[in-house]
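Dear colleague,

Please find below the structure that I am handing over to you. My findings come after it.

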Amino acid sequence: MRTENQENIVVTGIGMVLPTGRGLNALWSAWSTGQPAFFPYRHERIRTQKIPFFGHIPEALLAEARQIIPHKLRRFSPDYTACTALAVRDALENAGSNWSDVAEERRGLYTCQSDSTSADIFSFVRALEVAYQTNRIDFKKFTQESLHRRGSDPFLAIKNLSNNVLALLSLIYRFRGDCGAYVQDESATLPALQRACFSLRHDYSDIALVVGAGTYNEAMVLTEHYKLGHLSPCHAGPHSLRSFDCERDGTVLAEGAVAFVLERESSAKRRGAKPQIIIGGIVNTPLDQRASMYSPQTGEAVRSLLAKTGVQPDDCGVICADGKGTAQHDAAETALLESLFAETSVSVTSLRPILGVLNAAGPLADIAGVSAMFHKEAIPPIATLRHPTSARIDFVQGAVRQKSCTVGITLHTSFNGFFGALLLVRPGV
Amino acid sequence: MPSRVFVTGMGVVCGLGLDWPTLWSNLLAGRSAIRPWQLPGITDFPVRYAAPVDDHDFAKRFGDLPHLKQPMERRVRFGLAATLDALADAGVKNVSTLGTVGVAVGSGVPERDPDDFLLALTAQGPRWDELFRNKAHLNPGTGLTCGNDALAMRIAAHHCLKGPVLNISTACAGATHAIGLGFRMIRRNEVSAMLVGGADSVLNLPTMVGLHLLGAPSISDQFGDRLCRPFDKDRSGFVAAEGAGMLLLESEQCAQARGVTPYAEIVGFGSSMDAYRITAPHPSGTGAALSMQRALSDAHVEPTAVTCINAHGTSTPLNDPAETLAIKTIFATDQHYQRLMVTANKSMLGHLIAAAGAPECIATVLSVREGKIPPTINLENPDPACDLDYVPNTARQKMVPVALSNSFGFGGLNATLVVRRYEN
């Protein structure tokens with residue numbers, strides 16, 4: 001098989017701060033034992049029965065993450081930023097200490113976030129409380145309170161600019177080279193990866209950090225997803241996200257951060273770093289119609305990815321599918337899988353029943369999952385799957401399946417109408 | 001084989017004009033879009049000047065277009081209008097005839113309707129259950145229901161684009177990053193054309209509160225509508241604006257096949273990070289210098305070949321001397337910086353934040369095409385720390401074979417484009 005360009009781009013460092021805990025081992029442990037990382041919903045100010053479960057970062061891990069932000073930068077750092085900084089530290093350590101030999105100006109940084117990480121209604125809470133009058137806001141009072149009595153978060157604009165992950169990470173880890181911040185819900189991740197690969201291939205950078213981060217734990221965002229019927233009522237407790245199951249009834253939203261260190265394979269080898277996975281190819285396309293409907297476009301996109309890389313559908317060992325667990329998204333994805341992989345030996349699994357929908361960190365978690373599957377020569381099951389949506393697809397159910405794979409694909413359909421796929425290759429093939 | 005990248009169409013919506021010829025003539029005449037402004041219903045907001053888009057003029061020019069009548073954020077409406085204008089300007093009726101076309105847009109802070117807050121409020125303060133109860137009344141045109149990438153998505157959907165769709169959020173450098181990424185993709189033959197630019201509107205209560213809390217916009221009432229004074233000793237902060245600018249970039253092959261004469265050629269792009277502070281640029285301009293250096297190197301252009309820089313020039317106390325130092329660093333050979341013409345369009349346009357780089361790139365393209373450099377107006381009392389030729393107050397006519405356009409954003413995010421006069 002060949003990658004899209006001659007020079008392979010490899011992942012040499014992975015770090016993650018997820019509801020499953022810190023690092024890939026914690027994720028693998030939860031995934032392979034079928035333990036969802038969903039917890040009763042919590043928010044400092046929100047009390048609701050309508051969101052029973054959420055993929056929260058464990059409190060202790062959050063506290064640990066906050067500690068690594070330099071004190072003077074903490075005022076700019078919401079919790080998801082702190083988690084990102086910790087994930088990045090782990091990714092850089094994982095890439096080997098001599099990554100820092102790369103000149104600061106040659107270190108590229110590509111971040112992806114979703115809108116839901118922007119400052120929320122509670123940034124204004126004090127001013128709102130003061131300014132509230134029956135059925136109206138006294139905006140004059142609101143303004144006075146916001147501006148003169150610290151009734152609003154003073155760093156609202158910085159947090160709200162949606163690029164604060166980029167800015168903070170560049171300061172903390174001394175990245176001064178090529179950069180980009182993509183804010184496109186879950187679909188921000190693939191453009192960030194594409195641009196990072198581009199930057200490495202065309203010599204704009206010698207090392208590239210790709211970071212996905214965010215949280216759906218924002219009042220208005222949750223309201224919107226609830227309103228659209230995306231969320232599971234969680235009658236089965238934490239085991240309620242039932243990807244590709246005929247009895248699925250919605251998804252569970254989550255938060256987290258994943259960081260990758262990317263390099264040209266030749267550079268990685270020169271400095272003695274161990275490639276963990278090869279980014280073989282990426283497609284990312286807006287859909288003509290709603291993301292929750294099957295579109296032949298998605299099939300064409302995957303076929304073009306396979307054609308570009310010279311891979312036959314049967315060559316794929318494993319698909320790490322999206323499997324959001326909503327009725328429409330999984331029906332569309334099942335139709336896509338049937339159009340491409342029906343009656344093949346390709347095994348299909350999903351991380352969503354364990355992690356939920358993570359926004360920008362999700363696709364990176366899936367890639368890390370494929371890397372672990374390559375390394376461990378095993379495929380964890382779709383934890384909650386009992387009645388598959390298709391008998392023509394080899395959905396992995398029950399126990400971990402032993403299988404050695406050299407090529408894997410991850411599939412991503414975002415709420416905002418993008419479809420993306422990544423082709424991943426085991427190093428050394 | 002890398003492809004040359006041409007600018008073949010331009011559209012703009014801003015306080016200084018709703019098309020590029022109007023923008024350009026106003027810039028050359030030194031007219032300003034900055035005027036007294038207040039948030040609706042709030043008479044004592046400390047920021048009293050801005051450069052808004054005239055809603056009446058906009059409705060007159062674009063009001064008949066059905067897809068602009070749907071609920072959407074102001075920036076999305078401006079961006080869609082600018083895109084239509086850019087395509088019409090390029091003579092493109094059906095984008096798919098250009099081959100694989102993508103879109104890259106720089107955008108900033110989502111617009112949130114302050115009235116949406118009311119939906120969550122009770123006598124005890126904001127309540128989640130109250131928001132749930134009122135969810136049907138959330139403004140469908142702003143904030144939540146319009147994601148940050150709404151403009152990029154709408155452009156892609158409206159024109160059935162099959163190429164990459166990127167929404168870039170690098171603060172005030174967003175549009176320049178978007179243009180630069182589009183340029184790179186065409187040059188490396190990933191796509192045949194790109195719609196690139198930016199759109200932003202910060203003239204709403206939540207965003208202006210946030211910006212004011214950072215101390216970024218000027219609150220001085222000393223100079224009236226001459227408040228935006230890049231490189232002047234009496235500058236006191238930026239003046240917020242709103243609008244959009246979109247450009248059609250085409251590969252040489254694509255433009256030649258259509259038989260169009262490009263406005264100019266984009267030949268280089270550089271980006272960098274200061275890694276210094278979140279709210280302030282490096283005082284020596286090291287990040288800005290690196291961005292310019294990378295762009296020139298990318299373009300294979302010697303610094304001495306550059307004659308004009310469209311500066312970021314925000315009129316803030318920190319940016320302007322830092323940018324001056326950065327320019328002096330990069331153009332130190334033979335003290336070439338003394339021969340450069342440095343213009344700051346924000347003195348007339350105000351600061352379009354994430355979109356700022358787009359109309360400024362359009363002005364740069366027109367400078368190299370027409371050999372005219374718009375002035376930096378309100379430069380009445382030069383700051384000794386800002387000692388370059390800023391083309392003060394009157395436009396200048398001079399050949400501009402190569403020019404730079406700079407954009408620097410909060411968080412120390414920098415981007416620079418190199419624009420060259422089109423020669424066949």
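The notes below treat chain B and then a pair of helices in chain A.

This is a predicted model, in which local features need pLDDT of at least 70 and side-chain atom pairs count only at pLDDT 80 or more, while totals for chains, interfaces and linings use all residues. Residues are numbered from 1 along each chain as its sequence is written, with chains lettered from A and ligands numbered from 1 in the order in which they are written.

Chain B contains 13 helices and 16 strands (DSSP runs of H or I, at least four residues, and of E, at least two, numbered from the N terminus). Its C-alpha atoms occupy a box of roughly 70 × 50 × 40 Å along the principal axes. Of the 424 residues of chain B, 65% are buried (20 or more other C-beta atoms within 10 Å of the residue's own, with C-beta atoms placed from the backbone).

Within chain B, helix H3(B) covers residues 74–90. Of its 17 residues, 15 are buried. Directly after H3(B), Gly91(B) adopts a positive phi of about 75 degrees.

In chain A, the axes of helix H2(A) (residues 59–67) and helix H3(A) (residues 79–94) come within 8 Å and cross at roughly 75 degrees (axes are lines fitted to C-alpha atoms over the stretch in contact, and angles run from 0 to 180 degrees between N-to-C directions). H2(A) is therefore roughly perpendicular to H3(A) (65 to 115 degrees).

Yours sincerely

Key:
The expected span of a helix is 1.5 Å times one less than its number of residues. A residue is buried if 20 or more other C-beta atoms lie within 10 Å of its own, exposed if 12 or fewer, and partly exposed in between; C-beta atoms are placed from the backbone. Angles under 35 degrees count as roughly parallel, over 145 as roughly antiparallel, 65 to 115 as roughly perpendicular and the rest as oblique.
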